[in-house]
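Please examine the following structure alongside this short briefing.

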Amino acid sequence: MSTAIVARGLVKTFGSTRALDGLDLEVHAGEVHGFLGPNGAGKTTTIRILLGLLRATAGEVRLLGRDPWADATALHRRLAYVPGDVTLWPTLTGGEVIDLLGRLRGGADRGRRDELLSRFELDPTKRCRTYSKGNRQKVALVAALASDAELLVLDEPTSGLDPLMEAEFGAAIGEERARGRTVLLSSHILSEVETLCDRVSIVRAGRTVESARLPELRRARRTVVSAELATPPAGLDSLPGVHDLEIATTADGAAVTCRVDAEHLDDLLRAFAAAGVRSLASRPPSLEELFLAHYRQDVPVGAAR
Amino acid sequence: MTAAVARHAIVPRREAAFAGTRELVRLIVRRDRVALGLWVILMAALPTGLVSAVEQGYPTEADRVAFAAGAAVNPAELATRGPVFAATVGGLTAWTIASSAVLLGGVVNILLVVRHTRAEEQAGRRELVGAGVLGRYAPLAAALVVVTVGNLAIAALVTAGLVAAGLPAAGGVALGLAIAAGGLLFAAVGAVAAQVAEGTGAANGIGFAVLGVLFALAAAGEVSRSWLVWLSPFGWSRRVQAFAGEQWAVFGLFALATAVPVVAAFVLSARRDVGAGLLAARPGPATAARGLRSPIALTWRLDRGGILAWTAGLTLLGLLLGAAMASIGDQLDTAAFRDLTGTLGGGDPAEVFFRFILYVLAQVVTAFGLATVLEMRGQETGGLADAVLATPVRRARWAIGQVAVAATGVVVGLAGLGLGAGVGYGTPLAVMGTTLAYAPACLLFAGLAVALYGWAPRLAAPLTWTVFGLVLLLDLVGEFGLADASVLGLSPFVRTLGPLTVGSGLAGALLVMSLIAVALVAVGLAGLARRDLD
């Protein structure tokens, strides 16, 4: 199986609210897939459809090759889920909850459970009502990671973790990828997605607006270039594919910053060379810029920096 | 550090301690304005409505005197309502409503106070509010202010309604105040429970347990005609003697018994950490017990404490009632009582007594079953259902776990009640059959709750409780002969009591009700499998 999740034209309405409006999602087996979008974009609704808790109003969805609504129980043997807002039974201890969820899923690895508990520094003897948000999140994470499920569905799993635990989480996800597990990671923490994910899908108002590998995404966007030149360059503003051009004349030359479409980078560099390059820096657009480009379309790409 | 300094640190300065009370009162009123309004109006309408029921059911003085004579020798009426002090329209109205209103008002007041104190802390909202300018005493003070105003409004409206119905003003004031005083006393009980327990459920449980024990004390005291009645606000609410030579001094007992727990609650609230209770949570097991591996095991693990405490309470209540019956066995065997039992199917006086008092208690057991079944909705909206249903557990299996535990609570509770009563009376096991006969009626309501939960989850709780309330109201109306037999027959409790009284057709009735209950559960499960989870 090469595709773990396929959703096409997914629509979900709640009364007059249209939470999903033709959402597409494709997650390949064995990849860590970032599911990006701001609050209310439809990430959690999509995940709840994937879990068979909600039924899609329209559209097609397959999870591990099966229908998540009709085959929910069978599919749940093969996946583990960490909700975004973890609520636990207040009178049970964290250890009890981890064991219970593991057994309901058909058994978990005891050694791995204990290893994860010490890695995440979680005290399993405490009652769940005394846990902080981060600790509740750890309970759900340990329960999911200790299972042998082939698909992990994680809904904003680090939203309550401290930076140390966030790093630990990142390492754990790296190991899961190495073990061949598929991970769907919903998040709006861009740096996290940037370091952990192979591919990302960006959703906005219930639709997928972008879905690709990170390098492809970057290639499709303008690179930011800044250079110090020996002489003021001529004709830059007439070059195709150059945007947001700023030229400042200095005592001994000129400082130029601009954004350029990937296919026109060549022409720009030639123009720079003609003017004499003293220093040159270029960086690909950050995920944040890509993200903002989709969400604040009135703002030019890169304007956040 | 001197003692004076330490004391100063513990007890906050007065004006600062109450800062923000007014804002919190407004917040409570804003959040609960509909429920508070309904509570006041319904509680106020009940006594006035009863006046016309008494007038229609017992139009002449002779009718009323005959009814009072019957009630005086019926231990079930004595246990739940106490003696009739005057066979007048006012006297009978007060007799009918005083205990029920205190019981109902007690439940509402406990729920309200806990909801605005402990529940707020548990949800973490208290911290958000408390970070503003808010005194340590303010949350409790605000909750008590709201319920005090509510209870006083009820007292005023009850008085106005009764006077408008043509009854003497003094009696109207006395009955209105008795209902309000009973409510306030249990608000104070709820306030202490909210300080002692760390969880909302436990706080409500403590409050209801106190309510149950005080009701049982009064019941035992009335039946055995002993001083025990003076230990319970239920006894006091009757001995205010509204419309029968009002005893105003009894309100002193209410005042004292309310002031002590209120002061205790304030002192406790200033001495503990926000979020903590006096009964601190202890560390628990690091691993789950071997058996905790299914939804039913999970529900049992969560609810077993409540069910065991509840069963112990019902058994104790049974013991008290049984012992009280045993102590007055001979006094019961009067011509008047034989007359009464003759029309009710006859038999051993104790059996008749249990038949009737169980009729009332079965309704209480039903409420427990309903609350347990409806926990499903809370788990669904709270996200706890997701955690289980994202594992390979079918929805039906999850719901059946909850229903099975609720049914167990109902059956075990009824059995404990019957066993206690039997042991107390000296005939173990004999009464248990009668108590268990009510199980299908109780479970039918649980089935209704499941059916509604499956198809109309948002309406399930309000609709189920409304139907349950209407059936209880039907019984009250039925007592005054205002409802037709065919209408009364809609009540599963009447369907059980009838065959029990006549002595035949019981098995068939129980079978039919059981089948309906099972069918309702099946309908609910089918709906649950089809719908979205919130």
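Is helix α1 (residues 43-50) of chain A largely enclosed by the rest of the structure, or exposed, and how many of its residues are buried? Helix α1(A) is largely enclosed by the rest of the structure, because 8 of its 8 residues are buried. This is a predicted model, in which local features need pLDDT of at least 70 and side-chain atom pairs count only at pLDDT 80 or more, while totals for chains, interfaces and linings use all residues. Residues are numbered from 1 along each chain as its sequence is written, and chains are lettered from A and ligands numbered from 1 in the order in which they are written.

**Helix α1 of chain A**
- Among the buried residues of α1(A) are Lys43(A), Arg48(A) and Leu50(A) (buried: 20 or more other C-beta atoms within 10 Å of the residue's own, with C-beta atoms placed from the backbone).

**A helix pair in chain B**
- Helix α19 (residues 395-425) and helix α21 (residues 439-455) of chain B have axes that come within 10 Å and cross at roughly 155° (axes are lines fitted to C-alpha atoms over the stretch in contact, and angles run from 0 to 180 degrees between N-to-C directions).
- The two helices, α19(B) and α21(B), are therefore roughly antiparallel to each other (angles over 145 degrees).
- Residues of α19(B), including Val403(B) and Leu414(B), meet residues of α21(B), including Leu443(B) and Val450(B) (contact: C-beta atoms, placed from the backbone, within 7 Å).

**Contact between the chains**
- Chain A supplies 30 residues to the contact and chain B supplies 26 residues.
- On the side of chain A that touches chain B, α3(A) gives the most, with 7 residues.

Terms used. Helix = DSSP H or I, 4+ residues; strand = E, 2+ residues; numbered from the N terminus. Parallel < 35°, antiparallel > 145°, perpendicular 65-115°, else oblique. Contact = placed C-beta atoms within 7 Å. Buried ≥ 20, exposed ≤ 12 C-beta atoms within 10 Å, placed from the backbone.
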